[in-house]
Amino acid sequence: MAKRIDISGLSAFYGSHKAIEDISMTVEPRSVTAFIGPSGCGKSTFLRTLNRMHEVTPGGRVEGKVLLDDENLYASNVDPVTVRRTVGMVFQRPNPFPTMSIFDNVAAGLRLNGSYRKSELNDVVEKSLRGANLWNEVKDRLNKPGSGLSGGQQQRLCIARAIAVEPQVLLMDEPCSALDPISTLAIEDLIGELKERFTIVIVTHNMQQAARVSDRTAFFNLAAVGKPGRLIEIDETERIFSNPSVQATEDYISGRFG
Amino acid sequence: MASTTPIDTPPAPPVPRPSPRSTGRMGDKIFLGLSRGSGILLLVIMASIAVFLTYRSVLAISKDEGNFLTTFDWNPAGDPPVFGIAVLLFGTVVSSIIAMVIAVPIAVGIALFISHYAPRKLAAPIAYVVDLLAAVPSIVYGIWGALVLVPYLEGLNLWLDQFFGWTYIFEKTEVGVARSLFTVGILLAIMILPIVTSVSREVFLQVPKMNEEAALALGATRWEVIRLSVLPFGRSGIISASMLGLGRALGETMAVATVLSPNFLISLHLLNPGGGTFAQNIAAKFGEADAFGRDALIASGLVLFVLTLLVNGAARLIIARRKEYSGANA
């Protein structure tokens, strides 16, 4: 189910502007890896290179390699559409399909991948909503629009939609930044459960959150505004927050900048 | 405090401060008056049009010896005066339906191409050209229709008759040039294309990026992004755009009057020359009509007015019924 990601020599550009430079790291399967760093350091850009969403932005371009197990996502014969079916993504703001019911939102990815019998769809939708800890709250109103849910519920609906297609990897781009503390806690608990099945990468501005949910943490920084962001270090979360090997990391997590 | 002030020094006069509140309020009042006045003016104009149309219509219809709704004739100057709107209603509705069936899919296609497929360098000129179509005066469309489209369509009519004559509507039973409701429909389709395209395009460009990314991240192809995110979001916009186009098609006058060879028959053989529309009939007969004849024409105008109101109301109903699912609250 879950796969290892090996990134080597990865740079990403917006037109001629280099946003991130020469990033290499390994993301372990069935674990949570958190990306932290000051605003503008390219964490989200980097995350979006992992499912080839970066190139959707006009002018977006990527150099380097991303190996999912042994397959390079940027090989010339790889279709980005297939990549995105293997590497799921949850966004900063909940974005359920506003015109669709809760059921159809969860089933949307499956329907893209082929035709399913109604009973199969029912099973997957229930399983995914249970997996996202949302089933009990919505089981009586599956045919109501997803946009009628609360923000936290919408975000869990988006997670259910992402895991319904059984991706290898789940990318989360600040999934709690638009949510209240209670909903945030619900999502964090959920992340803890999901890592049993998926490789999870999460971008967060909240260092406590990184400390709470992740197994490994990567710290990104940029030399100056306008310069590309770089990976400063990646290590066990515990080590990053207690005894990081780079001074800049310590300065950042202790609140001296950023 | 007081002790620090020398006794013989008069207290400094209060600095005259500009009073922001009063100027602000004056601006508010003027603006309120202007906007309220415009709103009231609109209602007054609508009401007076309705009253005028109704009053003159009642004058005419009360003397109509035929049935105003079912008579296939227009002879208010006759003795007894006989006129009815059946043919005009039929012709107006049928030509507008043809126009919508042809124009809406093409317009949505062009709008999607401009908003989601075309490279930016190409999108802007295409959008400009489409908008330019709207600037062509309708009489020019009429002349072009009569001189170019009508002869050109004769071949198409023969072909339709030969291969689709079995559908009845494409069976051509009368010889004659293609001055038919079908030709009028095609011409109207071209005329409403720009408005439907522009409005749809604007709506498609407003689809929130996060909705499209939601589909992309699930592994949707470009077409699937459009199907999952763009079209559902743009649905009510497409309906509004179509209604604007339909409004123009229903009321189009000069182009129809120039192309159609009118008669007072209803035929579902759409390729046969003949038929008529409200606006075309008014334009053709208003000049030579006497006072009573004009009232009769105004009565037909009232029906067109009501028809347009109904169409708009229906469109609003369709949009409102799906409000819960609209993209607005996302």
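**Exercise 1. In which loop of chain A does A:Glu174 lie?**

*Solution.* 
- Step 1: A:Glu174 sits in the loop between strand E7 (169-173) and helix H7 (181-194) of chain A. Helices (H or I, at least four residues) and strands (E, at least two) are DSSP runs, numbered from the N terminus.
- Step 2: The phi angle of A:Glu174 is near 45 degrees, a positive value in a residue other than glycine. Most residues other than glycine have a negative phi.
- Step 3: A:Glu174 counts as buried because it has 21 C-beta neighbours inside 10 Å. The cut-offs: a residue is buried if 20 or more other C-beta atoms lie within 10 Å of its own, exposed if 12 or fewer, and partly exposed in between, with C-beta atoms placed from the backbone.

The model is predicted; local features need pLDDT of at least 70, side-chain atom pairs count only at pLDDT 80 or more, and totals for chains, interfaces and linings use all residues. Residues are numbered from 1 along each chain as its sequence is written, while chains are lettered from A and ligands numbered from 1 in the order in which they are written.

**Exercise 2. Is B:Tyr168 buried or exposed?**

*Solution.* 
- Step 1: B:Tyr168 belongs to the loop between helix H4 (138-164) and helix H5 (181-205) of chain B.
- Step 2: Phi of B:Tyr168 is near 75 degrees, again positive in a residue other than glycine.
- Step 3: B:Tyr168 has 10 C-beta neighbours inside 10 Å, so B:Tyr168 counts as exposed.

**Exercise 3. Which peptide bond is cis, with omega near 0 degrees?**

Name the bond and place its proline.

*Solution.* 
- Step 1: The cis bond runs from B:Asp79 to B:Pro80, and its omega is near 0 degrees.
- Step 2: B:Pro80 is in the loop between strand E1 (74-75) and strand E2 (82-83) of chain B.
- Step 3: For background, most peptide bonds are trans.

**Exercise 4. What span should helix H2 of chain B have at 1.5 Å a residue?**

*Solution.* 
- Step 1: The expected span is 1.5 Å times one less than the number of residues.
- Step 2: Helix H2 (residues 86-117) of chain B has 32 residues, so it should span 46 Å.
- Step 3: Its end C-alpha atoms are 45 Å apart, which agrees.
- Step 4: H2(B) has a kink of about 30 degrees at B:Ala103, shortly before the proline B:Pro105. The bend at a residue is the angle between axes fitted to the seven residues ending there and the seven starting there.

**Exercise 5. What radius of gyration does each chain have?**

Set each chain against the globule rule.

*Solution.* 
- Step 1: The radius is taken over C-alpha atoms, and the rule is 2.2 Å times the number of residues to the power 0.38.
- Step 2: For the 258 residues of chain A, a compact globule would have a radius near 18 Å; chain A has 18 Å, which agrees. The C-alpha atoms of chain A fill a box of roughly 55 × 45 × 30 Å along the principal axes.
- Step 3: For 330 residues the rule gives a radius near 20 Å, but chain B has 28 Å. The C-alpha trace of chain B spans about 110 × 65 × 35 Å along its principal axes.
- Step 4: Buried residues make up 48% of chain A; in chain B, 37% count as buried.

**Exercise 6. How many helices and strands are in chain A and in chain B?**

Count the elements, then turn to the annotated ranges.

*Solution.* 
- Step 1: Chain A has ten helices and ten strands.
- Step 2: Chain B has ten helices and two strands. Its pattern along the sequence is α-β-β-α-α-α-α-α-α-α-α-α.
- Step 3: An unreviewed UniProt entry annotates residues 5-247 of chain A as "domain: ABC transporter". That range is 35% helix and 27% strand.
- Step 4: The UniProt annotation "domain: ABC transmembrane type-1", also from an unreviewed entry, covers residues 89-315 of chain B. That range is 78% helix and 0% strand. UniProt positions are given in the numbering used here, feature names are shortened, and annotations may be inferred rather than shown by experiment.

**Exercise 7. How many residues of chain A are in contact with chain B?**

Describe the side of chain A that touches chain B.

*Solution.* 
- Step 1: 21 residues of chain A are in contact with 21 residues of chain B. Contact requires C-beta atoms, placed from the backbone, within 7 Å.
- Step 2: Helix H2 (80-86), strand E6 (87-90) and helix H3 (102-113) of chain A each give two or more residues to this side.
- Step 3: H2(A) gives the most, with four residues.

Notes: Two residues are in contact if their C-beta atoms, placed from the backbone, lie within 7 Å.
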